[in-house]
Amino acid sequence: MEGKKTLGRRKIPLEKIEKEGARYSSFSKRRSGLYKKGSKIVREFDVNLGIVLSSPSGKPYSFVHPTTDVVIDHFINPTIELDLGAQLVAAEARNKVIQSNDRLNEFDAREKAAKEKIRFMDQMNEARVKCWWESMDQFNAEDITKFEGFMNTAEGFLNVQLKQLEDGASSSLHSPPKDADN
């Protein structure tokens with residue numbers, strides 16, 4: 001099996017990344033992972049959640065559920081009761097999160113199945129014996145000349161057999177019927 005092309009998932013120590021390009025890339029990946037974790041927490045524990053980030057370049061990002069107002073109000077006053085309108089908005093937002101996560105899980109499962117099928121087909125393709133015509137593009141001039149001679153010889157043998165069959169078929173049509181007594 002060939003070596004992996006990437007390092008894959010691994011734990012990265014939380015320390016400042018000195019290279020600017022690597023820092024931006026790592027931030028983007030970690031931000032995505034943080035949003036996924038936040039979405040999972042919202043779905044599994046039915047909580048209000050707010051995440052506010054500032055990128056290395058200063059661009060702001062946020063993930064808020066169900067709404068910014070609800071999260072801020074709960075942060076300022078944890079004992080506050082939501083009015084009916086806010087409760088309905090929160091319930092609708094939770095339903096959307098659940099639906100989106102279900103779709104995401106379905107797409108992930110499809111992607112995994114497709115990758116597994118491709119891997120299986122690649123293994124099958126490597127294991128099978130290749131036919132001579134699948135490697136003709138690798139023939140050199142000498143191989144092509146030998147192949148041409150082989151094909152000409154085969155054509156000659158086939159023509160001889162065809163002529164014999166034709167002669168045998170035509171002579172059996174013209175021959176007199178045999179006596180059953182002989």
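Welcome! Our tour opens at the largest pocket, whose lining residues divide into six nonpolar, seven polar and ten charged. Keep in mind as you look around that this is a predicted model.

**Stop 1: the pocket.** The largest pocket has a volume of about 1,200 Å³. To find its centre, select Arg-9, Lys-29, Arg-30, Gly-33 and Lys-36, which are the closest to that centre among the 23 lining residues. Next, colour helix 1 (20-45) and helix 3 (84-127), the elements that each give two or more residues to the lining. Which of them supplies the largest share of the lining? Helix 1 does, with twelve residues.

**Stop 2: the two domains.** Now select residues 16-65 as domain 1 and residues 82-165 as domain 2. Where does the largest pocket lie relative to these domains? Both domains give residues to the lining, so the pocket lies between them.

**Stop 3: Pro-66.** Select Pro-66 and look at the loop between strand 2 (60-65) and helix 2 (68-76), because that is where this residue sits. Is Pro-66 buried or exposed? Pro-66 has a relative accessible area of 11%, and it counts as buried because that value is under 20%.

Stop 4: Finally, pick Glu-92, which is 26 residues from Pro-66 along the chain. The C-alpha atoms of Pro-66 and Glu-92 are separated by 8.3 Å.

Conventions: Residues are numbered from 1 along each chain as its sequence is written. This is a predicted model: local features need pLDDT of at least 70, side-chain atom pairs count only at pLDDT 80 or more; totals for chains, interfaces and linings use all residues. Side-chain values use heavy atoms; hydrogens and water are left out. Helices (H or I, at least four residues) and strands (E, at least two) are DSSP runs, numbered from the N terminus. Buried means under 20% relative accessible area, exposed over 50%, partly exposed in between (1.4 Å probe, protein chains only). On a 1 Å grid over the protein atoms alone, a cavity is a set of points where a 1.4 Å probe fits but cannot get out, and a pocket is an open set with protein on both sides within 12 Å along at least five of seven lines; lining residues have an atom within 4 Å of a point. Grid points are joined across faces, edges and corners, and a volume is the space filled by probe spheres set on the points. Ala, Val, Leu, Ile, Met, Phe, Trp, Tyr, Cys and Pro count as nonpolar, Asp, Glu, Lys and Arg as charged, and the others, Gly among them, as polar. Domain bounds come from an automatic or database domain assignment.
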